Amino acid sequence: MNIDTLLPQRPLPNDQDATGRNFGEREIAYLSEALKSGTLTSTKGRFVHALERTFAEMLGVKYAYACSSGSAAVHCAIAALDLEPGDEIVTSPITDMGAIAPILYQGAIPVFADVDPKTLNVTAETIEAALSERTRAIIVTHLFGVPCEMHAIEHLAKEKNLPIIEDCAQAFLATHRDRYVGTIGSIGAFSLQQGKHITTGEGGIVVTNDEALARRIFLFINKAWGYGDAQPDHYFLAPNYRMSELQGAVGLAQLEKLERAVERRVLLASILTKWLEGVPGIAVPPQPLDSRPVYWRYAIRLDPSLIPDGPHGFAAKLKDRSILTAPRYIQKPAFECEVIREQRTFGKSRWPFTLARPEALRYDRERYRGVYLGLDGVLVIPWNDRLSIGDVEYIARSIIATARDLRRIA
Ligand SMILES: *Cc1c(COP(=O)(O)O)cnc(C)c1O
């Protein structure tokens, strides 16, 4: 058998369509029930409420609120902290822009921490280097489903008395030291967007154990209208970020499948890791002993001294084998995107950047060694619970063959 000419027996599952999603009778039954009830708003219906209760129970957390997107979930988390304009939030430059835009909408300044090039995650050390007297919160992103080193980050945050927001958009049911990510910091934010572990097309969930934060999160989703209060009012500035019952119906059915989907991703990833361990030029994803990564994606690192073509060259070869990967994940760190580099916010005002310490807006390359090193070496393999063992073997053999072809002969 010549692997070099082998193509997959079927197209690999794609999370953008039915090949890589698991919608079934349950979703249809709940959707049908929602439609027949005639109630599609969560303020009156049962599905969004049930989704919130079910998710809170799964994570063992007191409060969960559904909202319209993962970006909205991060926005709710930030708004719950009720910051002052110009306050700083330390965050990662390797994340979805939806996790950064809400900082600016709330008038706060994103201050970017460097990352560990092995995980592309922020660490206690890189966060500490980005702190100032104006820091009011820390956002950690558990990238690709690999938990950040929360024990050290938690220790730092306690010492500095700073709340942690965990961006868990890629990390459903990931654990660190036997605690679910999202429940370790003050607030956790999840996304139900099309490409995540489970999906409602668009959607998000915010979780917390803190009653006061929970109240503000609930209000922020609901135009700050005091539903159920004796004399309700619009208490502060807030959008309508509600999830509809249609999404709630699909989301509830999806939640019932979450644990199995995660287990399957973890199992399949362990098989790929066995294949790839020890292949010269390739480093498998970190296998932290105290954490359970949940493999939103399977990210490998290429050693530039052995594979000088880097992720782009590697990705082109894999594409010839019908494996579509994301070389470098995001092409550039967030601070190189126009919105931040050119400070395009509200009209020509540049607000809230105008409130920032100049030092907070310096994005020198030397400060971000981990970011550039990490992005230059990372190749992101799409991962999916609907991959077959045969698919995983095909991916493994293709990666091994590609590494052999591209490896510099020493
Ligand atoms: C997807 C994602 C978001 C944004 O979620 P949306 O539902 O697309 O708004 C935020 N942060 C991270 C890390 C993500 O992967």
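Reader: Which residues have the most contacts inside the largest nonpolar core?

Author: Before that, a word on the source: this is a predicted model, where local features need pLDDT of at least 70 and side-chain atom pairs count only at pLDDT 80 or more, while totals for chains, interfaces and linings use all residues. Residues are numbered from 1 along each chain as its sequence is written, and side-chain values use heavy atoms, with hydrogens and water left out. A nonpolar core is a set of buried Ala, Val, Leu, Ile, Met, Phe, Trp, Tyr and Cys residues joined through side-chain atoms within 4.5 Å; buried means under 20% relative accessible area, exposed over 50%, and partly exposed in between, with a 1.4 Å probe and protein chains only. Here the largest such core has 67 residues, and Phe55, Ile94, Val140, Phe144 and Tyr329 have the most contacts inside it. Helix H2 (residues 47-59) gives the most to this core, with 5 residues. Helices (H or I, at least four residues) and strands (E, at least two) are DSSP runs, numbered from the N terminus.

Reader: What does isoleucine 94 touch?

Author: Contact means heavy atoms within 4.5 Å. Not counting residues up to four places away in sequence, isoleucine 94 touches Val115, Leu120, Leu143, Tyr329, Ile330, Val371 and Leu375. Apart from this core lies another, of 31 residues, among them Ile78, Leu81, Ala214 and Tyr241.

Reader: How is the chain divided into domains?

Author: Domain bounds come from an automatic or database domain assignment. In this chain they give domain 1 (25-257) and domain 2 (258-330 + 372-409). Their centres, taken over C-alpha atoms, are 28 Å apart. The contact takes 32 residues from domain 1 and 24 residues from domain 2.

Reader: How do I read a sheet, and in what order do the 7 strands come?

Author: Strands of a sheet pair through backbone hydrogen bonds, either parallel or antiparallel. Two strands count as paired if DSSP finds at least two bridges between them. The 7 strands here form an open sheet in the order E1-E9-E8-E5-E4-E2-E3, with mixed pairing. At the edges are strand E1 (63-67) and strand E3 (109-112), each pairing on one side only. Strand E2 (residues 88-91) runs parallel to E3, joined by 4 bridges, and glutamate 88 stands opposite isoleucine 109 in E3. Helix H7 (residues 211-221) packs on this sheet, touching E1, E8 and E9, and its direction makes about 15° with that of E1. For such angles, axes are lines fitted to C-alpha atoms, for helices over the stretch in contact, and the angles run from 0 to 180 degrees between N-to-C directions.

Reader: What is the order of the 4 strands in the antiparallel sheet?

Author: That open sheet runs E10-E12-E14-E13. Strand E12 (residues 297-302) and strand E14 (residues 378-382) pair over 5 bridges, and arginine 297 stands opposite proline 382 in E14. Helix H11 (residues 369-377) packs on the sheet, touching E12 and E14. The buried residues of H11 are Gly370, Val371, Tyr372, Gly374, Leu375 and Gly377, and their cover includes E12, helix H9 (310-320) and E14.

Reader: Is threonine 200 buried or exposed?

Author: Threonine 200 counts as buried because its relative accessibility is 12%. This residue is found in the loop between strand E8 (187-191) and strand E9 (204-208). A polar atom of the threonine 200 side chain lies 2.6 Å from the backbone oxygen of glutamate 202.

Methods: Polar contact = N/O pair within 3.5 Å; in protein donor to acceptor, adjacent residues only side chain to side chain.
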